[in-house]
Amino acid sequence: MAVNGASHNIPGLTTGPQSGPPPAPSDDAKAAILGAAESDPKGTNVPGQDGGDKDGDKKVKSEKELAKDRAKADKAARFAAKQEKSKALQAASQPKAKKEKKEPQAKLAPYEEDTPKGQKKILKPLDDEYHKAYIPSVVESAWYDWWEKEGFHEPQFKENGEVKDAGYFVIPIPPPNVTGALHIGHALATALQDAMIRWNRMKGMSVLYVPGCDHAGLSTQSVVENMLYHRRNGTTRHDLGREKFVETVWEWKEEYHTKINKVLKRLGGSMDWSREAFTMSPTLSTAVRQTFVQLHDEGLIYRANRLVNWCTKLTTALSNLEVDQKELAGSTKIDVPGYDKKIEFGSIWNFKYPIDGTDETIEVATTRPETMLGDSGVAVHPQDERYKHLLGKKVKHPFVDRLLPIFGDETVEREFGTGAVKITPAHDFNDFRRGKEHNLEFINILNDDGTMNANAGIFEGHKRFDVRYGVITELEKLGLYVGKKDNPMSIPLCSKSKDVIEPVLKPQWWMHMKPLAEPAIEAVKSGKIKLRPESSEKTYYRWMETIDDWCLSRQLWWGHQVPAYFVKMKDGPAYDTDADYWICAQDEAQARERAEKKFPGKEFELERDPDCLDTWYSSGLWPFSTLGWPDKTHDFAKLYPTSVLETGWDILFFWVARMIMFGLKLTGEVPFTEVYCHSLIRDSEGRKMSKSLGNVIDPVDIMDGITLEALTEKLKLGNLAPKEIERASKWQKSAFPDGIDECGADALRFSLVNYTTGGGDIAFDVKVMRSYRNFCNKIYQATKYVLGALPDDYTPLAQGGKTGKESLPERWILHKLTHATKKVNEALAAREFSQATQAAHGYWLYELCDVYIENSKSIIRDGTPEESSSAQNTLYTALDAGLRLMHPFMPFLTEELWQRLPRRPDDTTKSIVVAEYPVFDEQLDDDESDRAYELVLGCSKAIRSLLQEHGIKEDGKALVQASNDKAYKTASAEAPAIKSLSGKYVSTVTVLKASDSLPAKCSVYPVSADVAVFLELPGEVDAEAEIKRMKPKLTKAGDAVKEQEKLIQGLGEKVSDEVRGKEQKYLKDMMSEQRAYEEALARFEAMKIQ
């Protein structure tokens, strides 16, 4: 076995305990390899078997002698069958012996890694019990700590501090919320991002993958508050006080932050942890305060008393993006947090207001009866004849001492409802505008927790939706209630708590977005930023062109406290009643200095705004603040703008658009040049992943494996209701009846990248992971074979590529290798991730493992020393480049195997992480050899197919008939390869010229216009059965010819000669197929006559 002789280290250097050369395979291992070959269905590995015709030197028997042999064999077979029957009868008359119990295979104990943390992995022999087969946990151990310690993940610069000549590539990780465990969506993002990072690093660029977490103000505070309430007997944040509560959140954050990082490392994400960021770190906090002050000074941030989306459950304002719309077709009762019974929505209720001073009433309608307590007017169309006489009059509120003016408004639709509209300016976005225009009173009726305040009169202190029913009851008593009917509508829900959002009037900090959105739109239109997939662009433009001002304030304690101070004077306005008395500054000292300048000679106190900023504000600064901005750091100077922002399309506006706007405004440059939006992951049934459904999958469970029982127990650790646990566990039992097998990080990564087609959502199926774990094993076993096939003292050639002495199979695999590298490189550059993995997968599985490795066995075994040596060199090149090709997708497996390979002379590369990525090599491009060897493969496939079709299990006699001299020459030269690849049921492969006659009793498999394969049928042949078998094939071939002729006739003038030539070739092949079946049919028809 060939190994890297210096324990896979650079000569003269040590990195950890010197383990010495990995031992050569034991006798048991060699026996296992030979045994595997013997049982191999292709039968090409054992010396003395299938390496050409073993009877090649013997006299060829006549037909008469062969018939005599067959008769002897038949007689022997009948005698053997008679003997077996006799033994069976004897056995039946004997008392039945007890079956020997099969000893269950001992399960291996969990693997214990011997390598000290951070040191280079000590490679164990491939024949020890943990290395005989691929075990993900064994292969993936130890490597990451060594990568990190060696600094492989850090960006490398030239001596003068400039980026490398190949350029730079930077991805800032979309920071996961520090609120708990990562899910499979995070694994998808990591797999895609790290594939791009590793690929560009191997291309010789200065590469940085920036890790970090988001403080996730609203989500984190909610989780910690729930934790306090449930674990500390109803404790609230107010019981602790702000300072102590924030300390508690920091402690909780550290615990979960560590868990998140551990999973990211387990996934193989090659982040530079020395540059890890956190949105509330000192550096990023400085950036937040500085930008807020700057944008306020420039007039982009302002204070205003406006309607906000208020969540009464979380008691905070929300941006429009944090509000989901639930569509209702009509009357529907839905669950609302804080209520035992469901609340009715999707109806419109009609009631009457009495006209003050008259006996008249005016009928209005509302979808929210409780809001009538905040009404301050009734609008009608000024030209509506029904209400002209009421203009200028007032209605009397039935529950509070309030008169409401009736006024004309041309925006009122006369035909809708009664034509009279109640106006609630402080609790409705449309009414807010009308209230401003008509100078109505703005009456807030809600406390922050969703109960009614003093403005609600008799309903003060009651919950809003209890009041809904109370108002209707009281209206009925007064004879003012008219009735209700279905009303299709949408209900705004908090995306976090699912509470029904209330529009509430509050003074908050806002940001003008139009001036920022216009340059951001232009950046995409001009191509400075590329959105992928392109379908994202239309959505981006639509949202940016209709963008609203952004409410920045959040009524939270965890987050970036707003750097704004209200100037309180004895003779000044009350707190927060005049926006002109707010001072924005980076700290209190600067605020005092600014206040003194603004209000010279005045005595004042400063009171800081207790609110925090929206989490997305600090996230919007992420691409440049993580590189040290606003300081002029080396990273910011050399690595900004960043290269790619890879994320889910669902946060295109929450985050991506805001980063673009902030980046352009604050740095003068785009924050990244490309955005790739990956699809959302759904379960195997296409459902959105939800904890209550039990279909949220933890990537660790896929990597490490988990039993069904353990999966069910995990459901109980959350806050699911018993009914939800029951439903979720039922789904888990149907989806994972045997739990989830250990698949490892490499199989998980490869599967997720392969899922990414740039199309719709991903239907995730764990069974796919299992199949790619098997693929990992294929790579593992192939490498084991190659290491065993190379001599112990093997040293690769100084350069890969061709020497000019390669056989056809070698030229073919090198051609396939260079084309696979071309496809992978082009696909990754175009972000066609699935195409990249498919190209790498196809090369490894269908070309290297299934074909070349199989063919190389006979060349190495039976060829001349020169042929054997050449095959070994090609085997090394194909494997070495194949591992490097696969590395971005499977980092652990490829490192484990690549470190076991011997190195080319003068190659001191320490790790595959920093090895050179394969690129297209024109010298290896060989279409002629490709065509020739495809003929070999086509012939061997045809022989295997015919053997299977006719059930021949031994002594198969195949014939290959070439239709031209070129094909005959190729087939003749490669006859041993054809036989080798055809499997162990073939005894001879004879190559015929077009003019040579064929045996009467043979079946046909047309390969192409150049060649057809025939199989001699032994014994008596049922001509009628063969005709019956052949006719459908002939019909199908004839139909294919007609279709192809029709296709060619339909080709337009603009079609290239190359395309037209290919289609003509397909037609030629199809016509040859049709002709071959016609001739075979004629032969069997002739047999019937005989």
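Start by selecting His215: with a relative accessibility of 1%, His215 counts as buried (buried is under 20% relative accessible area, exposed over 50%, partly exposed in between, using a 1.4 Å probe and protein chains only). You will find His215 in the loop that runs between strand 3 (212-213) and helix 6 (217-231); helices (H or I, at least four residues) and strands (E, at least two) are DSSP runs, numbered from the N terminus. Now show what His215 touches, leaving out residues up to four places away in sequence: the set includes Val178, Phe278, Met280, Trp558, His560 and Ser618, where a contact means heavy atoms within 4.5 Å.

Before moving on, note that this is a predicted model, in which local features need pLDDT of at least 70 and side-chain atom pairs count only at pLDDT 80 or more, while totals for chains, interfaces and linings use all residues. Residues are numbered from 1 along each chain as its sequence is written, and side-chain values use heavy atoms, with hydrogens and water left out.

**Colour by confidence**

The pLDDT, the predictor's confidence in each residue on a scale from 0 to 100, averages 88 over the chain, and 90% of the residues score at least 70. Select residues 3-67 next: pLDDT is below 50 there, and the stretch has 94 contacts in the model beyond near neighbours in sequence.

Zoom out for the overall view. The chain holds 32 helices and 33 strands, and buried residues make up 52% of its 1090 residues. Of the contacts with a separation of 6 or more, 76% are between residues 24 or more positions apart.

**Into the core**

Select Met511, Tyr540, Tyr617, Leu752, Phe764, Trp844 and Phe889: these have the most contacts inside the largest nonpolar core, which has 226 residues. Such a core is a set of buried Ala, Val, Leu, Ile, Met, Phe, Trp, Tyr and Cys residues joined through side-chain atoms within 4.5 Å. Helix 25 (residues 833-862) gives this core its largest share, 14 residues. Apart from it lies another core, of 34 residues, with Leu373, Val378, Phe459 and Leu475 among them.

Centre on Met511 and, beyond four places in sequence, its contacts include Leu295, Ile301, Trp550, Tyr617 and Phe662.

**Rings**

How many aromatic pairs does a search of the whole structure find? The search gives 40, counting rings of Phe, Tyr and Trp (its six-membered ring) whose centres lie within 6.5 Å, with planes under 30 degrees apart called stacked, over 60 edge-to-face and the rest tilted. Pick Phe345 and Phe465, an edge-to-face pair at 5.4 Å centre to centre with 80° between the planes. Phe345 belongs to strand 9 (residues 343-345) and Phe465 to helix 11 (residues 464-478), so the pair ties together parts 120 residues apart in sequence. Both Phe345 and Phe465 are buried.

Then try Phe566 and Tyr575, whose ring centres are 5.2 Å apart with planes at 65°, so this pair is edge-to-face. Phe566 is buried at 0% relative accessibility, whereas Tyr575 is partly exposed at 31%. Phe566 and Tyr575 belong to a cluster linked by ring pairs that also includes Phe292, Trp509, Trp582 and Phe599.

Two charged ends are worth a look. That of Arg306 sits over the ring of Trp510, 4.1 Å from its centre, and that of Arg903 sits over the ring of Trp898, 3.5 Å from its centre; the test is NZ of Lys or CZ of Arg within 6 Å of the ring centre and within 35 degrees of the ring normal.

**Cysteines**

A search of the whole structure finds 0 disulfides, taking a disulfide as a pair of cysteine sulfur atoms within 2.5 Å. Select Cys494: the nearest cysteine sulfur, that of Cys311, is 3.8 Å away. Cys494 is buried at 0% relative accessibility.

**Last stop: helix 30**

Select residues 975-982. Is helix 30 largely enclosed or exposed? Of its 8 residues, 7 are buried, so helix 30 is largely enclosed by the rest of the structure. Lys979 is one of the buried residues. The cover over them includes helix 25, helix 28 (927-950), helix 29 (965-973) and strand 31 (986-992).
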